[in-house]
Amino acid sequence: MDEIKKMVRFDYLNCIGIGGKYAFIFTALFFAACLLGIYPAAIGFMIAPLALFSPIEAVRKGDFMKIYGLLPVKRESVIKALFAEIIIPQTIGGILGELCLLIARAVGESGILPMFIQEHTYDNLTANAENTGLNYSNWFVLLAAGLAMMTAIICLFYAVKEIKGDTVAIVASIPFLVIIGALMIVYFITLDYGILPLPQEFLPTAPLPVALIVAACFAAFIAFGWLMCRLTIKLTADKEM
């Protein structure tokens with residue numbers, strides 16, 4: 001555990017002032033938008049944590065990787081640190097996103113916003129969401145499900161990258177992205193023709209079921225990240241740093 005903490009600290013110290021700055025800016029912007037009743041901004045918390053991870057990706061490339069071979073740490077610890085640097089920020093970002101959805105709803109329903117802001121943000125967004133079959137409670141589930149899907153793809157990408165290299169990882173990730181994009185397009189097209197049910201018809205709205213689904217999504221991507229980490233360690237055990 002000490003080696004993992006040291007590697008995480010090592011990576012972030014070499015990226016200090018880069019990723020943290022942009023993650024802070026994104027977080028501040030999304031939070032401010034939620035305070036104005038723009039609740040879809042909470043979805044942005046799926047992306048903000050990546051600003052912390054992106055510079056670390058730069059550190060782990062090129063000549064800098066030679067330094068890893070000189071460090072007194074096991075390769076296993078380096079891999080565990082890599083997945084920790086993905087899972088932990090994404091988990092924190094997801095929790096912040098869910099909290100911001102609560103804040104945005106509380107602000108929108110309180111009526112404390114000036115009328116011209118209220119009409120163009122919370123009221124307008126709520127009406128548009130209802131027209132597409134979305135209940136406000138559905139946003140909590142969509143955020144958690146989207147976060148789980150995106151984090152799983154990232155973990156899979158880096159697992160393949162560590163095992164087979166960059167090129168194979170990119171090629172292996174493309175089909176997943178294409179399938180997800182195609183399914184979303186097909187779903188929204190079929191909604192117009194009433195072929196598939198609206199989200200509010202099959203997604204729960206009661207607080208307890210919503211909370212359970214959200215918790216299950218978080219547990220799923222954390223478990224998947226742990227699984228990818230263990231698999232990567234096992235398949236790269238014979239590689240040298």
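## A pair in helix α11

Phe218 and Phe221 lie three residues apart in helix α11, so about one helical turn separates them; helices here are DSSP runs of H or I with at least four residues, numbered from the N terminus. Phe218 is buried at a relative accessible area of 10%, and Phe221 is buried at 1%, where buried means under 20% relative accessible area with a 1.4 Å probe and protein chains only.

## Basis and confidence

This is a predicted model, in which local features need pLDDT of at least 70 and side-chain atom pairs count only at pLDDT 80 or more, while totals for chains, interfaces and linings use all residues. Residues are numbered from 1 along each chain as its sequence is written, and side-chain values use heavy atoms, with hydrogens and water left out.

The chain averages a pLDDT of 80, with 83% of the residues at 70 or above; pLDDT is the predictor's confidence in each residue, from 0 to 100.

## Aromatic pairs

Rings of Phe, Tyr and Trp (its six-membered ring) pair if their centres lie within 6.5 Å, and planes under 30 degrees apart count as stacked, over 60 as edge-to-face and the rest as tilted. By this rule there are nine aromatic pairs. One of them joins Tyr136 and Phe140, a tilted pair at 6.1 Å centre to centre with 55 degrees between the planes. These two residues are four apart in helix α8 (residues 136–164), and therefore about one helical turn separates them. Phe218 and Phe221 form a tilted pair as well, at 5.5 Å centre to centre and 45 degrees between the planes.

Because 22 of its 29 residues are buried, α8 is largely enclosed by the rest of the structure. At its start, a side-chain oxygen of Asn135 reaches to within 2.9 Å of the backbone nitrogen of Ser137, and just after the helix Gly165 takes a positive phi of about 110 degrees.

The largest nonpolar core has 42 residues, of which Tyr39, Phe83, Leu101 and Tyr136 touch the most other members; such a core is a set of buried Ala, Val, Leu, Ile, Met, Phe, Trp, Tyr and Cys residues joined through side-chain atoms within 4.5 Å. α8 gives the most to this core, with 14 residues.

Terms used:
Buried means under 20% relative accessible area, exposed over 50%, partly exposed in between (1.4 Å probe, protein chains only). A polar contact is a pair of N or O atoms within 3.5 Å; within protein, one must be able to donate a hydrogen and the other to accept it, and residues adjacent in sequence count only if both atoms are side-chain atoms.
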